[in-house]
Amino acid sequence: MKPRISPRLTVSGRLFLGMLALTVAVTLGSPPSAEATTAATAIIRNTATVKYSNAAGVPQTDVTATSDVKVTLVPATPTLSSPIDQNTVVGTNAVYTYYLTSNANGLDTYTLTSAVASQTGISGSTASTPASISLGASTVAIAIPAGGIAAGGTSVITVPSDDTPGSGAINGIAIGDTIVILGQVYTVANIADNGGATTSTITVNGNGTASGAIPAGTQIGERGSFSLTVTPGTLGGAADGFIDVNVSARDAGSVQPSTPADLTTTTVQAPRLTVTKEVSIDGGATFPGGVPQAAPGATLTYRITVNNGGSSNATSVVITDPMTMFTTYQAGTAKRATGGATTYAAAPTALTDTNGDGDGFDYNLTTTGTATYIVGTVAPGAANAVQLFFQVKIN
Amino acid sequence: MKQQVIKAALTLTVILTASVALAKPQVTIAIQTEKEVTTLQNGQKATKRVAATNAAPGEILFYTLTYANAGNESATSAVVDNPIPTGTVYLPGSATGQGADISFSIDGGKTFKKPSLLTYEVKLPSGKLDQRVASPEEYTHVRWTITTIPAGGTGKLGFQVKVK
């Protein structure tokens, strides 16, 4: 029996060891940002005191010595947000709001770059961001217990002092700034900007959630925002265009380990026009489908509707309608309505058959035997649909 | 002969001074802060210590405390206290000091003990008190106790910390 049991034990023992190894690996793989650090420009002051007595055992005056070391900035890769892709139309810029959060231990300036990586169906598009953004950062000097940053009201965070006391900003963090601590976002309500080897304080407004425990050394990073403006160029055809833009941020000293980048795709929507033509045999009251029957000499009322189903303005829209065989255009019958389908009688705008009167409509002038209506711009949506009415007589 | 004369004269000067001012010890202390930098020399990596005026988180600072007795009498029961600087942690086993008795505190300098005796009690969930030996990261102070610093005597003490 024994030899049968021992191999099983060996197997389970190995499994257990494997699990241990896994646990260790997970612990080692924790993000470096969680590592405790000290804020840049903080003073590390070492003070030694000597107490001593003379040969007779009488205590003498203490002597002390101090030595200061200033903590240096450790540039770190900032966290860049990824805004949602946008749609736009030619003539309107797409504006994206980006958030950049510092992971460093002090104030640093980040150079922003934006570039059109590729564009499809459109040409001449451009992208721009501000040249740079400065973000403050510090570290938690005294551990904060769970709930130490209350959900409401204000709470005080102790941080190392920087080398510019009284400037109103601690390592670039000032009143009104947005800061991130362990993923939680707070706004700065107040600052006590002391100097030397002391501590200063940052007072934050509660964000609606009580904090967890925040260990000493936890990084405090400012979150700044900037805009990316994408200006569409010219659409190459009737199809939508796409503009891919890369945005990245890098510390001015170019020391940070990697460069975060984000790609947005801006869709430049092309206009989509539809045109319908309907006929009425009752003077424009109803426009039934099918093939209505009418005798020679009867009047037919036509309704031509142009609708823009896209999301951008259609410009330079012209409706042309040559008279069909066996019909004669009835002078002075052209009318226009905008929006939902209406009757001929209700159409509000009369159009003249001549040019030069500014209404854009003519008959038999621009093109012989043809009604021509220069509409101009048709904005998207059924509410902006253009209806052109005119009447003909059956010969 | 000449040398003896000079020596005698020197001794006389000392005695004269002593007779004017009351004999007393005068201890001084100075701190030198250094860090290690790696340099490439003839293709070989070499580390050397340089004076540190700034340091990045994670760097190790080497503190050297030089004491001297500039007085004309022995100093006795000299105690050098050095709190671990804020923003740093003590590096285990780094405290040195020839002829000095080294002890540490984990309670902000109230009590000093040898590392193995630095213990604190933790209340277990069962309610039982568990005694644990403090880890070097928990040290708040280093103390060197020097029984006697003779007149004119000097010595060096040292310890290292890591910048948090």
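Domain bounds here come from an automatic or database domain assignment. Select chain A and colour domain 1 (79-268) and domain 2 (273-394). The centres of domain 1 and domain 2 of chain A, taken over C-alpha atoms, lie 55 Å apart.

Before moving on, note the ground rules. This is a predicted model: local features need pLDDT of at least 70, side-chain atom pairs count only at pLDDT 80 or more, and totals for chains, interfaces and linings use all residues. Residues are numbered from 1 along each chain as its sequence is written, while chains are lettered from A and ligands numbered from 1 in the order in which they are written.

**Stop 1: where the chains meet**

Show both chains. Contact means that the C-beta atoms of two residues, placed from the backbone, lie within 7 Å. By that rule, 30 residues of chain A are in contact with 34 residues of chain B. Select strand 1 (43-53) and strand 2 (63-71) of chain A: these are the elements that give two or more residues to the side touching chain B. Strands are DSSP runs of E, at least two residues long, and helices are runs of H or I, at least four long; both are numbered from the N terminus. Strand 1 of chain A gives the most to this side, with 10 residues. Colour the side by class: 13 residues are nonpolar, 14 polar and 3 charged. Nonpolar covers Ala, Val, Leu, Ile, Met, Phe, Trp, Tyr, Cys and Pro; charged covers Asp, Glu, Lys and Arg; the others, Gly among them, are polar.

Strands count as paired if DSSP finds at least two bridges between them. Pick A:Thr49; its bridge partner is B:Asp81.

**Stop 2: chain B**

Chain B has 1 helix and 12 strands. Of its 164 residues, 26% count as buried, that is, with 20 or more other C-beta atoms within 10 Å of their own C-beta, placed from the backbone (exposed: 12 or fewer; partly exposed: in between).

Select strand 4 (residues 60-69) of chain B. What lies on its covered face? B:Leu61, B:Tyr63, B:Leu65, B:Tyr67 and B:Asn69 do. The uncovered face holds B:Ile60, B:Phe62, B:Thr64, B:Thr66 and B:Ala68. In a regular strand the side chains alternate between the two faces of the sheet.

Strand 1 (residues 27-41) of chain B pairs with it in the antiparallel sense over 8 bridges, and B:Ile31 stands opposite B:Leu65. Strand 12 (residues 154-163) of chain B also pairs antiparallel with strand 4, over 9 bridges. There, B:Tyr63 stands opposite B:Phe159.

**Stop 3: a sheet in chain A**

Return to chain A. Three strands form an open antiparallel sheet in the order 23-28-27. Its edges are strand 23 (314-322) and strand 27 (361-363), each pairing on one side only. Strand 23 and strand 28 (residues 370-378) of chain A are joined by 7 bridges. Find A:Pro322, opposite A:Thr370.

**Stop 4: the cores**

A nonpolar core is a set of buried Ala, Val, Leu, Ile, Met, Phe, Trp, Tyr and Cys residues joined through C-beta atoms within 7 Å. The largest has 75 residues, of which A:Val159, B:Ala78 and B:Val80 touch the most other members. Strand 1 of chain A supplies the largest share, 5 residues. Finish at a second, separate core of 17 residues, including A:Tyr363 and A:Phe390.
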